[in-house]
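These are notes for a first reading of the model. Please keep the sequence and the 3D view open while going through the points.

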Amino acid sequence: MKLIVFVVEDSHADAGVDALVTAGFRVTRLATTGGFLRRGNTTLLVGVEDSQVDRAHEIMQRAAPGTLAITMDLERYERL
């Protein structure tokens, strides 16, 4: 399992979330601030199987250009 953290400009966040959800991914959306001018952005947390990482990256690349993607290994992922 992987955790993908997408940091998206606020103006692209809705399109990114919609595209991921339409493709069957579950997304947690967090309002965040950062960058040089402390502009508003949105952080998306997406837990995926290893084989889905490239697909999620491609979806976000099309839906929300300029997105930062950080992919990390997950030891455990479960819905409670």
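1. Basis. This is a predicted model, in which local features need pLDDT of at least 70 and side-chain atom pairs count only at pLDDT 80 or more, while totals for chains, interfaces and linings use all residues. Residues are numbered from 1 along each chain as its sequence is written, and side-chain values use heavy atoms, with hydrogens and water left out. Helices (H or I, at least four residues) and strands (E, at least two) are DSSP runs, numbered from the N terminus.

2. The sheet. Four strands make up an open sheet with antiparallel pairing, and their order is β2-β3-β1-β4. Two strands count as paired if DSSP finds at least two bridges between them. β2 (28-34) and β4 (68-73) are the edge strands, each pairing on one side only. On average, neighbouring strands are turned by 25° against each other, direction ignored. Axes here are lines fitted to C-alpha atoms, for helices over the stretch in contact, and angles run from 0 to 180 degrees between N-to-C directions.

3. Strand β3. Eight bridges pair β3 with β1 in the antiparallel sense, and seven bridges join β2 to β3, also antiparallel. Individual positions can be checked in the view: Val7 stands opposite Thr43 of β3, Arg29 stands opposite Leu44, and Gly40 is the bridge partner of Thr33. Of the 10 residues in β3, seven are buried. Buried means under 20% relative accessible area, exposed means over 50%, and partly exposed is in between (1.4 Å probe, protein chains only).

4. The helices against the sheet. α1 packs on the sheet and touches β1, β2 and β3; its direction makes about 145° with that of β1. α2 lies across β1, β3 and β4 and runs at about 5° to β1. Contact means heavy atoms within 4.5 Å.

5. An α-helix has 3.6 residues a turn, so residues three or four places apart point the same way.

6. The core. The largest nonpolar core holds 15 residues, and those with the most contacts inside it are Phe6, Val8, Leu20, Phe25, Leu44 and Met60. Such a core is a set of buried Ala, Val, Leu, Ile, Met, Phe, Trp, Tyr and Cys residues joined through side-chain atoms within 4.5 Å. Two or more residues each come from β1 (2-9), α1 (10-22), β3 (39-48) and α2 (53-63). The largest share, four residues, is that of α2. Leaving out residues up to four places away in sequence, Leu44 touches residues including Ile4, Val17, Val27 and Met60. In soluble globular proteins, nonpolar side chains tend to be buried together.

7. Which side chain is joined to that of Thr43 by a polar contact of 2.9 Å? The side chain in question belongs to Thr32. A polar contact is a pair of N or O atoms within 3.5 Å; within protein, one must be able to donate a hydrogen and the other to accept it, and residues adjacent in sequence count only if both atoms are side-chain atoms. Thr43 is in strand β3 and counts as buried, at 10% relative accessibility.

8. Around Lys2. Lys2 belongs to strand β1, and its side chain makes a polar contact with the side chain of Asp73 (2.2 Å). Asp50, in the loop between β3 and α2, is partly exposed, with a relative accessible area of 46%. Beyond residues up to four places away in sequence, Asp50 touches Met1 and Lys2. Arg76 lies in the segment after β4 and is exposed, at 64% relative accessibility. Arg76 and Lys2 are 74 residues apart in sequence, and their C-alpha atoms are 9.3 Å apart in space. The side chain of Arg76 makes a polar contact with that of Glu78 (2.4 Å).
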